[in-house]
Amino acid sequence: MKTKPVKIGPNTLCPCGSQKKYKNCCRNKKMEISIKEEYKRKYDILLKEPHQIQSIKKCGELLISILNNVEKMIKPGLKTEAINTFVHEEIIKAGAIPAPLNYRGFPKSVCVSVNEVICHGIPGERILNDGDIVNVDITPILDGYYADASKTFFVGSPTKEGQKIVSVAAESLKRGIQAVAPGATLGDIGYAIQSYAEACGCSVVREFVGHGVGIDFHEQPQILHFGTKRKGVTLVPGMVFTIEPMINIGKRDLHVLEDRWTAVTNDGALSAQFEQTILVTENGWESLTPFEL
């Protein structure tokens, strides 16, 4: 004797036994799994599960604690190597690993970029002088999870140019973050940053971009800091990525030094950067490495 299949409607009690309506339980879970599989297959983007997000957030808390302490030590006369030593020791003390160390041959535990250095500055004998600006970019690995953030600091008394470029870079990140929401696109982020920075008479570096992060140091998608509204991959909850605009007070052209890491402005003008790790939520966004902009 054949039995008729039972039709499960949206208001039917979920067959998993949760006592919730199907529409509020496994139907949504199946939808989430479908989106997760689609984004992995189509874009190689790893949508993060709640427990993974919590682990990234925990790593972010460690990162921001260290970054706040770095800010306290920034002063004229400090060697950039001293920043590397401090960050390295603090990360190790917390039972974590400095992700940059030996990554594709990078020789230090943190990137320290001064004045005309756009990114990937290698700490060493360079001494910070009054009026300099310095970006410190930290990425720990805690319990197998990554968080990534950076800030640009004033050394001593800032110059007018230093004040301008740091202010524009910070606001550029703020506007990029505010463009994040489910249904928005990657192009919306880039447009928000580019339109603001260029309206301020500054330029946006295009050779270096933000990136997915959390389970690995650099994941998909790439986050361009320039772009067109409504273009690019649509943002969905569970995406975790960095937004890290590099803004130049002069032209955007750059070159990489013989060390094959340090990127500098061609015209020698100042460059500043701020970076946070951002989660796309159901209603908008959350910074997993929060600091005031």
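Predicted model: local features only at pLDDT ≥ 70, side-chain atom pairs only at ≥ 80, totals over all residues.
Residues are numbered from 1 along each chain as its sequence is written, and side-chain values use heavy atoms, with hydrogens and water left out.

Two packed helices are described by the angle between their axes and the distance between the axes. Helices (DSSP runs of H or I, at least four residues) and strands (runs of E, at least two) are numbered from the N terminus, while axes are lines fitted to C-alpha atoms, for helices over the stretch in contact, with angles running from 0 to 180 degrees between N-to-C directions. Helix α2 (residues 50–73) and helix α3 (residues 80–93) have axes that come within 11 Å and cross at roughly 150°; α2 and α3 are therefore roughly antiparallel to each other, given that angles under 35 degrees count as roughly parallel, over 145 as roughly antiparallel, 65 to 115 as roughly perpendicular and the rest as oblique. The crossing of α2 and α3 is right-handed, a term used if the near helix is turned clockwise from the far one by less than a right angle, anticlockwise being left-handed. On the α2 side the contact (heavy atoms within 4.5 Å) involves I66, N69, V70 and M73, and on the α3 side A82, I83, F86, V87, E90 and I91. These residues comprise 8 nonpolar, 1 polar and 1 charged, where Ala, Val, Leu, Ile, Met, Phe, Trp, Tyr, Cys and Pro count as nonpolar, Asp, Glu, Lys and Arg as charged, and the others, Gly among them, as polar.

Helix α4 (residues 160–178) packs with helix α5 (residues 186–199) at an angle of about 150°, their axes being 8 Å apart, and α4 and α5 are therefore roughly antiparallel to each other. The crossing of α4 and α5 is right-handed. In this pair, V168, E171, S172, R175 and G176 of α4 meet I189, A192, I193, Y196 and A197 of α5, and the contact has 6 nonpolar, 2 polar and 2 charged residues.

Grid points are joined across faces, edges and corners, and a volume is the space filled by probe spheres set on the points. The largest pocket has a volume of about 580 Å³, and of the 26 residues that line the largest pocket, H120, F208, V209, H211 and H218 are the closest to its centre. Strands β9 (210–212) and β10 (219–223) are the elements that give two or more residues to this lining, β10 giving the most, with 3 residues. By class, the pocket lining has 10 nonpolar, 8 polar and 8 charged residues.

The largest cavity holds about 30 Å³ of space, and its lining has 5 nonpolar, 6 polar and no charged residues.

Turning to the backbone, the peptide bond from Q220 to P221 is cis, with omega near 5°, and P221 is found in strand β10. D143, although not a glycine, has a positive phi of about 55°.

Note on methods
1 Å grid on protein atoms, 1.4 Å probe; cavity = no way out; pocket = protein on both sides within 12 Å on 5 of 7 lines; lining within 4 Å.
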